[in-house]
Amino acid sequence: MVETVCAKFVSKKIRKVRWQRPAAFGRPNPEYFVAGSWDDEQNEVSLWNTVPANEQNNDPIQVSTVPFPSDVNDISFYDTSNFFVALGNGTVVMMRIDKNKLEVVHQWKDIHHFKSSKAPATGVVCQSPEIASIGEDGKINLMRMNQDKPYKTIDSFKITMLSVIFKLSDADSCSLNAAVFTSQNEIFTGNSRGMIKLWDLRATTDKPVQSASLAEDSEIGVTSMDRHPFQGHIVAVGGYDGMLTVYDMRKAQTPITVMEASDSCLNELRFHPERADHLFTASESGSVWHWVPLAAKTPMSNGPSTNLWLSGDLATQQLNIKELLPSLPLAVNTVDVCGESLICGGDNEALYYVSNVVF
């Protein structure tokens, strides 16, 4: 099999793409993905089908779209049909794929805001039954599918003001840029000053369990995060400086592995959901990389004894970097992978569909 790249011009800058979660584990070729646009008068969430109607045309086909008045900053699937969207007007939207059409199910309006204005919701993550959103207001909102309002809000800005008054070291009054659930009850966040924190959702106080800085000697903002699909305590973090940092949450004060992933901002990184030794990254420089392990392994050989992401400096000697696309002139903002298929998009108003990804 040979990797095939299909470019689809969509007339919209793409901020986020996500494959529809497959109903069965190990499905090689997902059929649908959703995409969200940004930086336009009217943006949209769109549903795309990648199954070719005929052998001559492999282009993804748009089958449904829903307009939104603000940027689509993040998309996260809850299950095979329901997903959540974080919007630039501070609203989080629940959407559903029903008979190949998109529909809006519920909205949590303006749950991210400053005192006198709305604050963009920068991210949304799901770990059933929990849904969490983050924003430029520094808040973490926790929601459930059957509740009209967030049932809990962690306000890091209030923590910050107390930190400033008492001169505590963990002040971080700035945007939360990335988050990931590391377990059912814990969420890991990163902000624009490079502060990374682990929060216990069961705690009665708004105080992080752990706190550290992405870079010791400077404030390098966090841009993206993803957790290892089989070992939730392993989290990969991307930064504005293009560095890829891997943490073991059992000892998160010090990163396990630090590697250069780009010469500019690392916009997104994603572990393969089944072949967790494989990582995919998208950068501001217009590149999409596939981090390929040099040692041959079966898809499921990802136990603690074989996990190369915990091997420190040796990780760079065990990985080969493969460019999946020719370097693009504008930023690639997002990438997602499922089975043998990859989708990515960015500011050049195109979607790129890579089929038969070689592992």
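In what kind of contact do the side chains of Asp200 and Arg202 meet, and how many Å lie between N and O?

Author: The model is predicted, so local features are described where pLDDT is at least 70 and side-chain atom pairs only at pLDDT 80 or more, while totals for chains, interfaces and linings use all residues. Residues are numbered from 1 along each chain as its sequence is written, and side-chain values use heavy atoms, with hydrogens and water left out.

The side chains of Asp200 and Arg202 meet in a salt bridge, with 3.0 Å from N to O; the term stands for a side-chain nitrogen of Lys or Arg within 4 Å of a carboxyl oxygen of Asp or Glu. Asp200 counts as buried at 19% relative accessibility, whereas Arg202 counts as exposed at 55% (buried is under 20% relative accessible area, exposed is over 50% and partly exposed is in between, with a 1.4 Å probe and protein chains only). Elsewhere, salt bridges that share partners join Lys16, Arg18, Asp74 and Glu268 into one network.

Across the whole structure the search finds 13 salt bridges. One of them joins the side chains of Lys322 and Glu3, at 3.0 Å from N to O. Because Lys322 belongs to strand 25 (residues 319–323) and Glu3 to the segment before strand 1 (4–9), this pair ties together parts that are 319 residues apart in sequence; strands here are DSSP runs of E with at least two residues, numbered from the N terminus. Lys322 itself is partly exposed, its relative accessible area being 28%. Another salt bridge brings Lys118 together with Asp110, whose closest N and O atoms are 3.7 Å apart, and Asp110 is partly exposed at 32% relative accessible area.

From the charged pairs we can turn to a sheet. Strands of a sheet pair through backbone hydrogen bonds, in either a parallel or an antiparallel way. Strand 2 pairs with strand 3 (residues 32–38) in the antiparallel sense over 6 bridges, and Lys13 has Trp38 of strand 3 as its bridge partner. Lys13 also lies over the face of Trp38, at 5.7 Å from the ring centre, and Arg15 lies over the face of Trp38 at 4.1 Å; such a placement needs NZ of Lys or CZ of Arg within 6 Å of the ring centre and within 35 degrees of the ring normal.

Trp19 is buried at 4% relative accessible area, as is Phe33 at 0%. The rings of Trp19 and Tyr353 are edge-to-face as well, because their centres are 6.1 Å apart and their planes stand at 65 degrees. That pair links distant parts of the chain, Trp19 in strand 2 and Tyr353 in strand 28 (residues 350–355), 334 residues apart. Tyr353 is buried too, with a relative accessible area of 9%, and ring pairs link Trp19, Phe33, Trp48 and Tyr353 into a cluster.

Ser128 and Pro129 are joined by a cis peptide bond with omega of about 5 degrees, and Pro129 lies in the loop between strand 10 (121–127) and strand 11 (130–135). Lys99, in the loop between strand 8 (92–98) and strand 9 (101–108), has a positive phi near 55 degrees although it is a residue other than glycine, and Lys99 counts as exposed at 75% relative accessibility.

Definitions and conventions:
Two strands pair if DSSP finds at least two bridges between them. Helices (H or I, at least four residues) and strands (E, at least two) are DSSP runs, numbered from the N terminus. Rings of Phe, Tyr and Trp (its six-membered ring) pair if their centres lie within 6.5 Å; planes under 30 degrees apart count as stacked, over 60 as edge-to-face and the rest as tilted.
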